[in-house]
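Here are my notes for you, written as numbered points. Keep the structure open while you read and look up each spot as you go.

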Amino acid sequence: MSGQRPRSEPSRFRYASLLLVALVAMAGLAISVVPHGAGAADFAVGDTVVVDTDALNLRADVGTDADVVTVLENGTTATVTDGPQDADGYTWYKLDVADGSAGWAAGDFLALAGAQDPGFAEGDRVAVVDGALNLRDDAGLSANILDVMADGSTATVLSGPVSADGLPWYQLDTDDYGQGWAAGGFLALASDETFPVDAALIVQTGDGSNLNLREEPTIDGALIDKLPDGSRVVVLDGPQSADGYDWYQLDTDLGTGWAAGEFLAAPTDAIAVGDTVTVVDGTLNLRDDAGLSANVIDQLPDGTVLEVSDGPVSADGYTWFEVSNDDFGPGWVAGEFLEVNASTGDETPTTTATTTATATETPPPTPTGTPV
């Protein structure tokens, strides 16, 4: 394989409406974008590319007169399976899109995926995300491929970035494949966080995508359901290492199953100043300062909606936030008993591993008796 990655993962973007398809079919190659012309990049079979324009026609054959199969939105990823072929002033590549569609698109409106530098430092622990990744003997797409690292594989950064072929490259000391270079756009910081049994956590994928809940602690485990970002879960067992991830058995509203721990976090990690939050798991004490020794100024019923104005502050094993609403506060509460209100919007995509969400603190067990 000559590309930076053997195959692409499923696209996480919605397709344009039928009306848009009709308009694009009449308008020509792309919408509201001037072709790059002679400056277009050259791609090879196996390369993972991304649509670099507002919308791009995927056609049944080479040429602007070929039938439009579908319209690819900006950011859609695909794998190059054939090409290049020149026609009608464009250089065309056949693409395999993860939803099953395939066709030809003009390379003028494509870019090599993974061009953004994640900014790793020497010594950082990183993991492969969004599919398998080539490990090379030097920085650049022309360097020899030493091995193909599986999705989730972990490594330590030795040096970089080095810019080559429009991509940022990092030298890695991998856990399973030896040393080599890889494109940094397909790596993310790895989490060393572990969670104890009975820890109350949330799903935090980092990009709003859903997290697969599986029957077994492996990416090949049968899918039980998809946990929405922000879902509250409780650890039943784990961690168990497989496929480059630490897996935890979880008790969730959608059933019991296993999920990758890299996308779990303490509930307080998701709370920020300005957020609207809701009291969960019973009545919660509102205090005049952060800490269990502070005076209780009121009690907040389960379901109370509040706005966060300060924090986080760590004290007495809890993470505290200043909150208020029209009826209560301001005052301080333990963030382990708050839930960030979900924003409304379209359904989110699903991932087993898209980006690494690192938990910085594991909440203590829920106390009995007097609420915090």
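1. Start with Thr 154 and Arg 125: a polar contact of 3.4 Å joins their side chains. (A polar contact is a pair of N or O atoms within 3.5 Å; within protein, one must be able to donate a hydrogen and the other to accept it, and residues adjacent in sequence count only if both atoms are side-chain atoms.) The side chain of Thr 154 also makes a polar contact with the side chain of Asp 175, at 2.3 Å. You'll find Thr 154 in strand β11, residues 154-164. Thr 154 counts as buried because its relative accessibility is 17%, and buried means under 20% relative accessible area, with exposed over 50% and partly exposed in between (1.4 Å probe, protein chains only).

2. A quick word on what you're looking at: this is a predicted model, where local features need pLDDT of at least 70, side-chain atom pairs count only at pLDDT 80 or more, and totals for chains, interfaces and linings use all residues. Residues are numbered from 1 along each chain as its sequence is written, and side-chain values use heavy atoms, leaving out hydrogens and water.

3. All 5 of its 5 residues are buried, so β2 is largely enclosed by the rest of the structure. Ala 55, Asn 57 and Arg 59 sit on one side, Leu 56 and Leu 58 on the other, and both faces are covered. In a regular strand the side chains alternate between the two faces of the sheet. Strand β3 (residues 68-73) runs antiparallel to β2, and 5 bridges join them; Ala 55 has Glu 73 as its bridge partner.

4. Which residues touch the most other members of the largest nonpolar core? They are Leu 95, Trp 169 and Leu 172, out of 41 residues. (Such a core is a set of buried Ala, Val, Leu, Ile, Met, Phe, Trp, Tyr and Cys residues joined through side-chain atoms within 4.5 Å.) Strand β5, residues 90-97, gives the most to this core, with 5 residues. A second, separate core has 20 residues, including Trp 320 and Val 333.

5. Last stop: Ile 271, in the loop between β21 (264-265) and β22 (276-279). Ile 271 is buried, with a relative accessible area of 7%. Leaving aside neighbours within four places in sequence, its contacts (heavy atoms within 4.5 Å) include Phe 321, Leu 338 and Val 340. Val 340 is 69 residues away along the chain, yet the two C-alpha atoms are separated by 6.4 Å.

Notes: Helices (H or I, at least four residues) and strands (E, at least two) are DSSP runs, numbered from the N terminus. Two strands pair if DSSP finds at least two bridges between them.
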